[in-house]
Amino acid sequence: MATLPNPLPKLAADPSGRALGLELPPGSLIDATDEGPWHEPLLWHAGRTASSGNWMRLGMPGARVGLLPVLVDVGGEAGGPQEWLLTPGGMSYPGDHDAEEVLAELWDEYVADASEDDEDDALDDLDEMLAPHGSDWPGLAEGPRLEADPDSRAAEVADRLLDDGSWFKEPRLALVPARRSADLPAAIGWTGPVNYENDTAVLCSVLRSWEDRFGIRVVALTYDRLVLSVAAPPTTQAEAEAVAAEHFAFCPDNITQGYRETLREYAEHEVLGQRVWSFWWD
């Protein structure tokens with residue numbers, strides 16, 4: 001994967017980051033991958049639990065030197081990033097993929113697999129789940145007008161996640177060398193969607209498209225969960241249903257193993273006006 005020069009090695013000799021214009025607390029440089037140590041650090045994360053304000057105080061200055069912020073959970077069942085079986089060498093470059101082609105192919109693959117069971121009840125269930133779209137890929141949704149600065153919305157969402165005492169076990173503020181927030185998962189070789197897509201950069205191409213259309217930022221990563229802030233969420237049910245189709249192609253488990261049984265229901269409760277989008281792969 002093509003990357004910018006990595007500022008993280010400078011933190012080995014200067015843990016405070018002052019040479020980069022930063023003031024970092026004690027933390028850890030992570031270079032562990034599925035095949036042993038990477039040739040350079042993949043990310044840095046603070047050694048103390050993240051709290052409200054960390055994103056703005058540590059993350060925003062980091063972004064100015066090419067280190068983008070993200071919250072990581074080091075206390076889940078799978079441990080922290082050093083135990084996530086990262087595979088940076090197996091990632092392509094997100095810019096080499098077309099988001100609409102990716103989503104259309106994933107949608108069609110799911111429909112084809114589900115349609116192999118040609119019993120009437122199974123096909124009826126599929127049609128009901130995918131309503132109002134039907135089995136044909138509906139195309140990309142149009143992005144609404146931005147209602148907030150994407151980076152400010154990311155800081156707001158990060159603080160809210162931390163303040164609300166959400167599903168994080170031990171959240172840490174991390175810094176990752178990446179061209180743009182959408183590239184963060186591929187930049188560290190994150191394998192959260194491995195049972196669905198081996199090359200996370202393919203899905204990052206979709207994140208790039210959502211960055212452009214909806215002002216998303218990658219706010220949090222765990223072993224198998226991705227959380228996004230949304231600066232321009234859909235404001236009508238029709239817009240939300242169009243986006244829900246993209247979410248389904250991107251991560252069917254959100255619906256097939258979630259609390260919402262149809263795209264219409266998912267759109268109403270998880271997309272319409274929502275400033276946070278969350279994805280989990282089984």
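An open sheet of seven strands, with mixed pairing, has the order 1-4-6-5-7-8-9; strands pair if DSSP finds at least two bridges between them. This is a predicted model, where local features need pLDDT of at least 70, side-chain atom pairs count only at pLDDT 80 or more, and totals for chains, interfaces and linings use all residues. Residues are numbered from 1 along each chain as its sequence is written, and side-chain values use heavy atoms, with hydrogens and water left out.

Q: What is the bridge partner of Ala 220 in strand 8?
A: Strand 7 (residues 216-221) and strand 8 (residues 225-230) run antiparallel and are joined by five bridges. For Ala 220, the partner in strand 8 is Val 227.

Q: At roughly what angle do the axes of helix 3 and helix 8 cross?
A: Axes are lines fitted to C-alpha atoms, for helices over the stretch in contact, and angles run from 0 to 180 degrees between N-to-C directions. Angles under 35 degrees count as roughly parallel, over 145 as roughly antiparallel, 65 to 115 as roughly perpendicular and the rest as oblique. Helix 3 (residues 99-115) and helix 8 (residues 237-250) are therefore roughly perpendicular. Their axes come within 8 Å and cross at roughly 70°.

Q: Why is the pair of Trp 107 and Phe 248 edge-to-face?
A: Rings of Phe, Tyr and Trp (its six-membered ring) pair if their centres lie within 6.5 Å; planes under 30 degrees apart are stacked, over 60 edge-to-face and the rest tilted. The centres of these two rings, Trp 107 and Phe 248, are 5.8 Å apart. The pair is edge-to-face because the planes sit at 75°.

Q: Is Pro 88 buried or exposed?
A: Pro 88 is in the loop between strand 5 (67-73) and helix 3. Contact means heavy atoms within 4.5 Å, and Pro 88 touches Thr 33, Trp 38, Leu 42, Ile 188 and Gly 189, not counting residues up to four places away in sequence. Buried means under 20% relative accessible area, exposed over 50%, partly exposed in between (1.4 Å probe, protein chains only). With 8% relative accessibility, Pro 88 counts as buried.

Terms used:
Helices (H or I, at least four residues) and strands (E, at least two) are DSSP runs, numbered from the N terminus.
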